[in-house]
Amino acid sequence: MNIVSNSYFTRRAISTAVLIGTLSLLGGCQHENTSTPQPQAEVQITPPELPSVTDRTFTFTARVDHNEAAGSTFTLRQPNSDLTITGTVDNDRMIQVSIPVGTTLAAPLQVSVALNLDTFKYLSQNVETLAKVAAMKAASQQASGSATAEINAAAIAEISLQTTATFALADRDFNGMLSDDEIEHHHIANTEGEHQERMRDLMVAAEVARQSPAKLYYETTYALMVDFLKDEAAKRAFFATNASLVQAAKASLFNQTTPLNEEAEDFLRLDQTGWPLQDQSLTYQEAPWACVDDIRKVSIRNYGTRLWQTPDNQATGQETLTDLILAANHDKTCNTATWRLPTVTELSGLFDQGELNFPNTFPALAQTTQYWATDGADTLVLVSFTNGNAVVTHPAGDASAQALLHSFVPYDVWFNIAPVDTQVDLAALRAAYSQDASQWPSPNISEGVAWQELGLRPAVPFPADNPYSEAKVRLGKALFFDTRLSKDNTVSCASCHDPAKGWADGLDKAVGINGQIGTRNTPTILNTAYYDTLFLDGRSASLEEQSLHPIANPIEMGLPHDELLLKLDQIAEYPAQFETAFGDETITLERIAKAIATFERTIISKESDFDRFLKGDQDALSDQQLHGLHLYRTKARCMNCHSGPMMTNQQFENIGLAYYGRSLEDRGRYNVTYQPEDMGKFRVQMLRDIKATDPTTHLGLFKLANINASNGRVTGLLAMYNNGMTRNRSGNFPQYAAKYDKNFPVVSPLIERLAMTNEELQALNAFMSAISSEIRTDSATPEEMGIQSGSH
């Protein structure tokens, strides 16, 4: 509301007051001059109706406190009036928006700024207040006689990490926008001490992720804030296991210095439920802990969870030891029911030359104290460290000592197992597999797994909105092989999807413009027509959607889509080809995508030896390949993921190559869904023509199989599967502080150690050759694709 309309309502209010006063006086005079009181007629005064929306525009101004703000996109909303305005932050990191007529006065504005790792949020004062400030600013500029008078800093909103944390605290339904109820609750809670503390926690967590992006397991820092509000345990674990980064963030944001607990690298302090305390630097008196998790590094053969209960200073008599242990297990102290006395060796690990190594963690322990323990024969003993080394004595009946309870639960660590030669009768196998597939021996399938029998490749599916046409195939092929679709005219789709290399590139990682190396192995386009999702992480739902991504990707082809359209318009041969394919010369992204996708759908497998076997040619498979088929369906357990005609279940699995927290980390499907259960998962690959597309997996580090010519030893991916990949091995199941990380990837339980011999692995590898055919170098015919005559 501006100043002029304020004066108008002030005058109306004064006039109304005068009218009410006059009527009151008139009523009083009548009462004095009349002996009998007369009933007075009620006078209904209707107050003037104040406007509920703006009646003129004003400018909202804000500064974004972020180094990457310039050029970023902002969205300003007011849900009450269905107002949505998008724009770009200017080079001075400023937002200036004209708020239109009809904006609700009593409601605030909500601003969201999309940055790189961050999404900053801001909730303004209500629009009525903003309009008054803008009017006062305009009046001040007018009085100064300059339209370019300096803007009063108080009139500029500051959009910052703090306003974002404040917004997140109000966002109780976690949808990124605030309802009227959430805004009202926010105003009530905003002054509470707990609210301020929670706001600071969110700011610190976001700052840690901003300074160390590898710690950001969310789409943005705002998503991190929201999740930490929903999941207090996740927030506590994050603070506890990133103590040094948290300390640096507090110093940066609030100039707050806190002492680090250097022992937190070895012991995490836990509460009664067995979860880490958020602040590991406080003393026992400030924040008592129920037990500690011993996360000191150990040999893989000794992996497990080691807990120590926090003792008091009281000595315990021998006669009460049993009751003490029973009570701890009955109460499930730290969510554990395996408490016992430590062995002498375990207890000695807390001391060095008689000195307690960890005084901050165990403040009640002392060098001169005697402790209860057990020896190698599980006999009760007393231990002291007065003279340096552990001195063990056998207790008298009335002995008392300090009881420091310990729990150790070992992990099921996997190591390679000895191969087991599973004998088969090849003649019987050939007879069994000569029958219809429905009569084949039952496959080895885990409980609850849906599967399909192996079979012939089905007809190529073409979507209803992009049906097959030869003209689109020709156009798509031209685009696919044209290097002019890249920024520097050096890279085409075919550069990474080379027909001579199985429509892949034969490299570990893809190479794009300027020699830039990608992060993943290039998957083949063979049979991509049959995938439900595209890319190894499934981030695209169709070939049409997928086909445009590499063109604009700065490390692949690097050509922005608007430049692509301008470029193709200027290439003489393309308008005519688009007219032939689509009916007119208009070149659009949608048409480019449809043409390339149509071409890619025509790149399918030719008939393989296994296809001929399925069609009834019993000699199409050698004995070794037939043995491999049987192993594939039984002992090798391949059908759990690679079933059906295309040999994939179209799902996403973690095979143990996420390298979580390490240099080769790839979060896979998680970066699409941001669901912890998807961490490290990738799309299950089709196995048809697998031999033509080595190396495989998203890393591109492993050949399918290498066979030593002298001893027949098989190495490579098949041998890794035989040994259970990396399941239950070092770095691939939660150990140490990773136990408290809900995002830690879990290797698929469908992966098992298989105990196959080298001969069996060779047979399985031979079957991989049987399902691989000669790679076509051009499109399949309509008949090969199962397209009926007359439909193209």
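Two strands are taken to pair if DSSP finds at least two bridges between them, and helices (H or I, at least four residues) and strands (E, at least two) are DSSP runs, numbered from the N terminus. The structure is a predicted model, in which local features need pLDDT of at least 70 and side-chain atom pairs count only at pLDDT 80 or more, while totals for chains, interfaces and linings use all residues. Residues are numbered from 1 along each chain as its sequence is written, and side-chain values use heavy atoms, with hydrogens and water left out.

Strand β1 (residues 58-64) pairs with β4 in the antiparallel sense over 6 bridges. Within this pairing, M94 of β4 is the bridge partner of R63. The two strands belong to an open sheet of 3 strands, ordered β4-β1-β7, with mixed pairing. Its edge strands, β4 (94-99) and β7 (157-159), each pair on one side only. On average, neighbouring strands of this sheet are turned by 30° against each other, direction ignored; axes here are lines fitted to C-alpha atoms (for helices over the stretch in contact), and angles run from 0 to 180 degrees between N-to-C directions.

With a disulfide defined as a pair of cysteine sulfur atoms within 2.5 Å, the count comes to 1 disulfide. This bond joins C291 to C334, with an S to S distance of 2.0 Å. The torsion about the S-S bond of C291 and C334 is about -125°, so the disulfide is left-handed. C291 lies in strand β9 (residues 291-294) and C334 in the loop between α9 (321-330) and α10 (344-348), so the pair ties together parts that are 43 residues apart in sequence. Both C291 and C334 are buried, where buried means under 20% relative accessible area, exposed over 50%, and partly exposed in between (1.4 Å probe, protein chains only).

For C496, the closest cysteine sulfur, in C493, is 8.8 Å away, too far for a bond. C496 is buried, at a relative accessible area of 13%. C641 is in no disulfide, and the nearest cysteine sulfur, that of C638, is 9.1 Å away. C641 also counts as buried, at 14% relative accessibility.

L507, V511 and I517 make a nonpolar surface patch of about 250 Å². Accessible areas come from the Shrake-Rupley method with a 1.4 Å probe, and for residues only the protein chains shown count as cover. L507 is placed in the loop between α13 (493-496) and α14 (543-552) and is partly exposed, with a relative accessible area of 38%.

How values were computed:
Patches are made of residues with over 30% relative accessible area and no salt bridge: like charges are joined within 9 Å, nonpolar side chains (Val, Leu, Ile, Met, Phe, Trp, Tyr) within 5 Å. A salt bridge is a side-chain nitrogen of Lys or Arg within 4 Å of a carboxyl oxygen of Asp or Glu.
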